[in-house]
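The comments begin with the surroundings of the ligand and then turn to the chain.

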Amino acid sequence: MSKIEVVEVGPRDGFQSVKCAPPIATELKLDVIDQLVSAGVKHMEYTSFVSPKAIPQLADSKAVTEAVLKKYPGLDLFALVPNLRGAQNAYELGLRKVCYVVSLSKSHNKANINRTHEQSLDAYKEIRSAYPDLNIVVDLATTFGCPFEGKYNDPQAVVDFLKDYIDAGMTTCCLCDTIGIADPAQVKAVIGALKAAYPTLNLQVHFHDTRGLGMVNTMAAIESGITEVQSALGGLGGCPFAPGASGNLSTEDMIWMLNEMGYETGIEFSKVLAAAKYQASHIPGNYSGHHIHIEQETPCKF
Ligand code: COA
Ligand code: ZN
């Protein structure tokens, strides 16, 4: 069976959604990250360089970055940046990979990063020219539908939107289902259209589990040839600027499925489940994961 690269985004997409005061302690975040690495996670979006007013939980991005770059030099680590300033802050700390977020939806782009599509494209080009050796994944938020505009039905619109980014040098794009509104047929249609239009573009997927479809949408993507999939520990998460965006696809549930199916993930289920349970018991939040609620792993007697 083939290899699937699992990209853990909980320390960014999960932690950003937590409403608690005082904020989650940096040490606790590093503890969770450590458990993820011990479970075999090799790719991780671990924080954001954004306005602390917009996302107070990630105000410690500098301290987290310094710690993880020192501790895990060989790991594929990256952080979200919304603008040149975020990229500069990340770069100056030694980070050489980021994801840059833009929404297919004009209204969500405005609500999330306060920009028009034109301004977002300009800022992307600005970052690329300021830091040519920075690896930038483009996160296309609301690829499948928007909290304000509804579900999208035209895969060609995704193809058309990304053309400017392709022309500006994008090599990897992550298709993000910000509000968990995608369905498997739509996922296959969008990926099919993108692969036909841009055969060399590397694609990742990022599904939320709002309607319980995170897993089947991920499988639909894998069946369409995608080998890099994102998920968040415990299923913690949701964009604070997308009403109704409850819960990410949970890493441990997805790992269980992929490992059971014989895919090579390199991640040990029991360890990642222990990390999820640890996180859920220490950090309050919106957990959509299923395994964290199972008391013991022995088969039930009917
Ligand atoms: N890092 C830290 N602070 C930043 C920043 C960055 N990358 N970019 C801007 N700021 C600060 C500014 O200094 C300013 O601070 P002040 O109010 O103390 O003067 C404030 O943020 C607003 O800056 P401005 O340039 O006017 O931007 P804005 O108000 O249009 O906000 C963003 C734009 C992108 C900075 C802000 O909306 C943001 O950080 N959003 C986060 C989006 C996000 O992470 N969403 C979830 C994931 S998809
Ligand atoms: Zn998300």
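1. Composition of the ligand shell. In this predicted model, the residues of the shell around ligand 1 comprise 8 nonpolar, 6 polar and 3 charged ones. The shell consists of 17 residues, and the closest of them are Ser51, Lys53, Arg85, Asn112 and Asn114.

2. Which atoms of ligand 1 meet backbone N or O atoms of Val50 and Gly86? At Val50, a backbone N or O atom is 3.2 Å from a nitrogen atom of the ligand. At Gly86, the distance from a backbone N or O atom to a nitrogen atom of ligand 1 is 3.3 Å. The side chain of Asn114 also takes part: one of its N or O atoms lies 2.7 Å from an oxygen atom of ligand 1.

3. The ligand sits in the largest pocket.

4. Backbone at Asn114. Where does Asn114 lie in the chain? Its place is the loop between α5 and α6 (117–130). Most residues other than glycine have a negative phi. Asn114 is not a glycine, yet its phi is positive, at about 60°. This residue is also one of the closest to ligand 1, and its side chain provides the 2.7 Å contact with a ligand oxygen atom. Cis peptide bond. Most peptide bonds are trans. The bond that joins Ala21 and Pro22 is cis, with omega at about -5°. Pro22 is placed in the loop between α1 (10–14) and α2 (26–39).

5. Overall fold and dimensions. The secondary structure of the chain amounts to 11 helices and 10 strands. The chain has a radius of gyration of 18 Å, close to the 19 Å that the globule rule gives for 302 residues, so it is as compact as a globular protein of that length. The C-alpha trace spans about 55 × 40 × 35 Å along its principal axes.

How values were computed
Residues numbered from 1 in each chain as written. Chains lettered and ligands numbered in written order. Predicted model: local features only at pLDDT ≥ 70, side-chain atom pairs only at ≥ 80, totals over all residues. Heavy atoms only, no water. Near = heavy atom within 4 Å. Polar contact = N/O pair within 3.5 Å; in protein donor to acceptor, adjacent residues only side chain to side chain. 1 Å grid on protein atoms, 1.4 Å probe; cavity = no way out; pocket = protein on both sides within 12 Å on 5 of 7 lines; lining within 4 Å. Sits in = over half its atoms within 2 Å of the grid points. Nonpolar A, V, L, I, M, F, W, Y, C, P; charged D, E, K, R; others polar. Helix = DSSP H or I, 4+ residues; strand = E, 2+ residues; numbered from the N terminus. Rg over C-alpha atoms; globule rule 2.2 N^0.38 Å.
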